[in-house]
Amino acid sequence: MLTTDHAQTAEGFLADADREFDAGDALQASEKLWGAAAHAIMAVAQQRGLQYGTHRALINAARSIADEVDDERLRSGILAARHFHSNFYNGTMEPEDIEYDRPLVHRFVALMLTLLEQER
């Protein structure tokens with residue numbers, strides 16, 4: 001996938017997640033939020049030449065990018081995205097946690113894609 005494809009996929013998954021939450025399907029919405037974050041990371045990692053081919057490499061790339069730009073919002077965003085990834089498998093997030101973490105993932109994706117645009 002090209003960097004721009006990853007960015008478009010991230011944006012599409014965010015919209016899909018919102019529709020899934022509105023429809024009451026928190027599990028599918030959770031996985032879409034994780035997917036949006038993952039594709040945003042992939043786009044920026046690809047542009048910077050960072051590894052992202054495994055789950056661990058993807059997380060390490062996100063941490064590296066957050067450290068590079070020294071932005072706590074990226075650090076908290078990837079943690080929130082990981083909560084949603086886990087929620088897809090376990091369904092353990094409380095409604096108030098979902099409401100708190102959702103905007104963190106949206107902001108994470110937006111910030112990552114802004115970094116992508118700055119590099120162009």
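This is a predicted model: local features need pLDDT of at least 70, side-chain atom pairs count only at pLDDT 80 or more; totals for chains, interfaces and linings use all residues.

Two packed helices are described by the angle between their axes and the distance between the axes.

| Helix pair | Axes come within | Crossing angle |
|---|---|---|
| H2 (residues 26-48) and H4 (residues 72-90) | 8 Å | roughly 140 degrees |
| H2 and H3 (residues 55-69) | 9 Å | roughly 70 degrees |

Let us take H4 to begin with. H2 passes H4 in a left-handed crossing. On the H2 side, the residues that meet H4 include Ala 26, Leu 33, Trp 34 and Ile 41, while those on the H4 side include Ile 78, Phe 84, His 85 and Tyr 89. Sorted by class, this contact has 11 nonpolar, four polar and two charged residues.

Now for H3. The axes of H2 and H3 cross at roughly 70 degrees, so H2 is roughly perpendicular to H3, a label that covers 65 to 115 degrees. The crossing of H2 with H3 is left-handed. Trp 34, Ala 38, Ile 41, Met 42, Val 44, Ala 45 and Arg 48 are the H2 residues here, and they meet H3 residues including Leu 58, Ile 59, Ile 65 and Glu 68. By class, the contact of H2 with H3 has 11 nonpolar, one polar and two charged residues.

**His 39, a residue of H2**

Is His 39 buried or exposed? Its relative accessible area is 14%, and because buried means under 20%, His 39 is buried. His 39 lies in helix H2. Leaving aside neighbours within four places in sequence, His 39 is in contact with Met 1, His 6, Thr 9, Ala 10 and Phe 13.

**Arg 102, a residue of H5**

Arg 102 belongs to helix H5, which spans residues 95-119. With a relative accessible area of 15%, Arg 102 is under the 20% cut-off and therefore counts as buried. Which residues does Arg 102 contact, leaving aside its neighbours within four places in sequence? They are Asp 18, Phe 21, Leu 33 and Phe 84. For Asp 18, there is a further detail: its side chain and that of Arg 102 are joined by a polar contact of 2.9 Å.

Methods. Residues are numbered from 1 along each chain as its sequence is written. Side-chain values use heavy atoms; hydrogens and water are left out. Helices (H or I, at least four residues) and strands (E, at least two) are DSSP runs, numbered from the N terminus. Buried means under 20% relative accessible area, exposed over 50%, partly exposed in between (1.4 Å probe, protein chains only). A polar contact is a pair of N or O atoms within 3.5 Å; within protein, one must be able to donate a hydrogen and the other to accept it, and residues adjacent in sequence count only if both atoms are side-chain atoms. Contact means heavy atoms within 4.5 Å. Axes are lines fitted to C-alpha atoms, for helices over the stretch in contact, and angles run from 0 to 180 degrees between N-to-C directions. A crossing is left-handed if the near helix is turned anticlockwise from the far one by less than a right angle, and right-handed if clockwise. Ala, Val, Leu, Ile, Met, Phe, Trp, Tyr, Cys and Pro count as nonpolar, Asp, Glu, Lys and Arg as charged, and the others, Gly among them, as polar. Angles under 35 degrees count as roughly parallel, over 145 as roughly antiparallel, 65 to 115 as roughly perpendicular and the rest as oblique.
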